[in-house]
Amino acid sequence: VDVLVCVKRVPMVGGKVVVTGDGQHVDTRMSGFTISPHEECAVEEAVQITEREGGTVTVLTLGPPAAADQLRDMLALGAHRGVLLETDDREWGPIATAAAIVAAVGELGPSPFPLILAGNEAADTGGFQVGIRVAHALGRPCLTGIKRLEIAGETVRATREYRGAQERFEVGLPAVVTVKEGINLPRYPSLPGRLRAKRAEITVLRPQWQADGLRKQALRVPAGSARRAQILGHGAAAVPALVEVLSELGVLPSTTRGDGDGAAA
Amino acid sequence: VTASEAGSAGAAAGDVGSVICLTERDGPTIAEASLRAVAFAATLTGPAVGVTAVVFPPSGSVGTAEPDDEVLGAVLAEHGVTDVCLVRSAELTAYAPVAWARSLEQLAAAGGASAVVAAATDHGSEVLAHLGAMTGLPVAANCLSAQWGGAGRWQLVRQRWAGSVLEDAVLEASCALLTVAADAAISPQPSAALRETSAPDGGARPTLRAVTPVLSEADLVVCATESAEQSSGLSLATARVVVGGGRGVGGPDGFAVLEELADLLGGVVGVSRVVTSQGWRPHRQQVGQTGTKISPELYLACGISGAIQHMAGCLSARHIVAVNTDADAPIIAHAEYAVIGDLSEVVPALIAGIRARSR
């Protein structure tokens, strides 16, 4: 089965996120870029499927020229082909992004990609909708938030969790499936994989931007508390103070309500 | 701009129409997240219009009235809903996202709705995305507030990065499709204003309407079969105490002592993304943006640096206590108390300390 996996280049953020002076972007001068975690699992799932069933994995991203780096990272994990939908600096909303992906699926030749995988939501914009919009435009069923996926011939069986229950779905190919982290444990790139990825040719298409109806004005970081933890001490020497704090917070087992604070019960 | 301010400003603008809210069942009642979505929806409309709550049949339905319909109606009335649509269809015997979206599309068109709102749950996000795709309308996900600006224009605040970044945005749409962030600062409790809205004459009875959508076969292709989860003790999402372990645990063997502490405190172990990416622990124990969101009384984070993706999963914890070797780790800025030290030294001493106290 030929699988198309859609991924998104997002800033790699750590302990703190900083917004650029113009309020338009997350500041990436001190960090690099990666792809959304759910999508890394989507690529791994696609590679595993084609290892079992045969077929190819095409990884597609929409982004600036530098997003080719993320495609090469995925090629190193075992994807066969990279497609870059090259954009300028503008932010592409879910409607424009989905339209560009649908157009690319048509342009990428005879393969109709019976299976299209994506992440459940992008780590940065968190719109929860590109996969679903692609599915509607292609007239395919869409399963979302999937944690277990099985392709048996023309049948897709998938499972996810919701409110403490398992929801199971079964649809036929062609289909669109969005997955969540935890569906698998992505592999690390091999050295031959890295070398192959470095040399691989990436197909570049240049889709047309369109307005989305939802327009970003500015980003900001919510005003956090400027507090800092009260340091109870260092190492094991701090444990008596820590036990005291836990007792005050009322989280120690009830049998510990002994001596001092018995009256509180 | 708070959500309540948004509501009064919307009323002043005059011409906002009705608002439809997808309300999900949770066992015998309405899901907490949906009650928050109802409260959010009420801030969008003027008091004269009110919110229409749409309730879909539970799994296993046969398309007739459900025994708890009246109860759900009463719960929604208490939260200011004046109009409850009970969707009934012989074809809707389980969760079917496209069919749900199709039903909302038809109700929105019939009522000339200005907005359709849902909680940003997996179901709410999915159904509204389908509604956006089938209508070509934009969807604004994870909203914290929305303010009607007239002529199909809304001023929004929505979350990015699971709430670590806020976006001010303008939405222009004939019908605004909005999901409400799980941690939007909106109380699901019925406010005095809502009570007035729901009961102008003192009677808090909403109109219960049974509606039957027109569904095609294609709308029912994706349909869930539900099976009860193999429940294995305490759940991470609802545990009262979570003992967290991160990179500082050092490897898969280091978690035994955290499990012991969690058992002692009647809690469970949660881990950071690096721990699951390394394969040290299973993904279902992950706390964070791509894992589980927790809201315990105590989150005791051991050897966790506090990346924003992790904090997005634990900021609802009532109290955070950190054990970390690095006094400058980001977690220290989020915690209430901290012990600076190696968890492999501190945690066993803590277990001993708690045991000694209980003797």
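**Ground rules.** I number residues from 1 along each chain as its sequence is written, and chains are lettered from A and ligands numbered from 1 in the order in which they are written. Because the model is predicted, local features need pLDDT of at least 70 and side-chain atom pairs count only at pLDDT 80 or more, while totals for chains, interfaces and linings use all residues; side-chain values use heavy atoms, with hydrogens and water left out.

**Entry 1, the interface.** I looked up the contact (heavy atoms within 4.5 Å) and found that 83 residues of chain A and 90 residues of chain B take part. The two chains bury about 7500 Å² between them, 55% of it on carbon and sulfur atoms. I take buried area as the accessible area (1.4 Å probe) that two parts lose on being put together, summed over both.

Eight salt bridges cross the interface of chain A and chain B, where a salt bridge is a side-chain nitrogen of Lys or Arg within 4 Å of a carboxyl oxygen of Asp or Glu. I noted the one between Glu91(A) and Arg160(B), at 2.5 Å, N to O.

Helices (H or I, at least four residues) and strands (E, at least two) are DSSP runs, numbered from the N terminus; two strands pair if DSSP finds at least two bridges between them. I found strand 13 of chain A (residues 214–220) antiparallel to strand 9 of chain B (residues 165–172), with six bridges. Within this pair, Lys216(A) has Ala169(B) as its bridge partner.

Buried means under 20% relative accessible area, exposed over 50%, partly exposed in between (1.4 Å probe, protein chains only).

I counted eleven helices and 17 strands in chain B. Of its 359 residues, 58% are buried.

**Entry 5, strand 15 of chain B.** Strand 15 (residues 298–302) is largely enclosed by the rest of the structure, because five of its five residues are buried. Leu298(B), Leu300(B) and Cys302(B) point one way, and Tyr299(B) and Ala301(B) the other. Strand 13 of chain B (residues 241–245) runs parallel to strand 15, joined by five bridges, and Val241(B) is partnered with Leu298(B). Strand 16 (residues 319–324) is also joined to strand 15 by five bridges, in parallel; here Leu298(B) is partnered with His319(B).

I placed His283(B) in the loop between helix 8 (273–277) and strand 15 of chain B. His283(B) counts as buried because its relative accessibility is 15%. Beyond its neighbours within four places in sequence, His283(B) touches Lys147(A), Glu181(A) and Gly182(A), as well as Thr276(B), Thr290(B) and Gly291(B).

Strand 1 (residues 19–23) pairs with strand 6 in the parallel sense over four bridges, with Leu22(B) partnered to Ala118(B). Strand 10 (residues 176–180) runs parallel to strand 6 over five bridges, and there Ala118(B) is partnered with Thr179(B).
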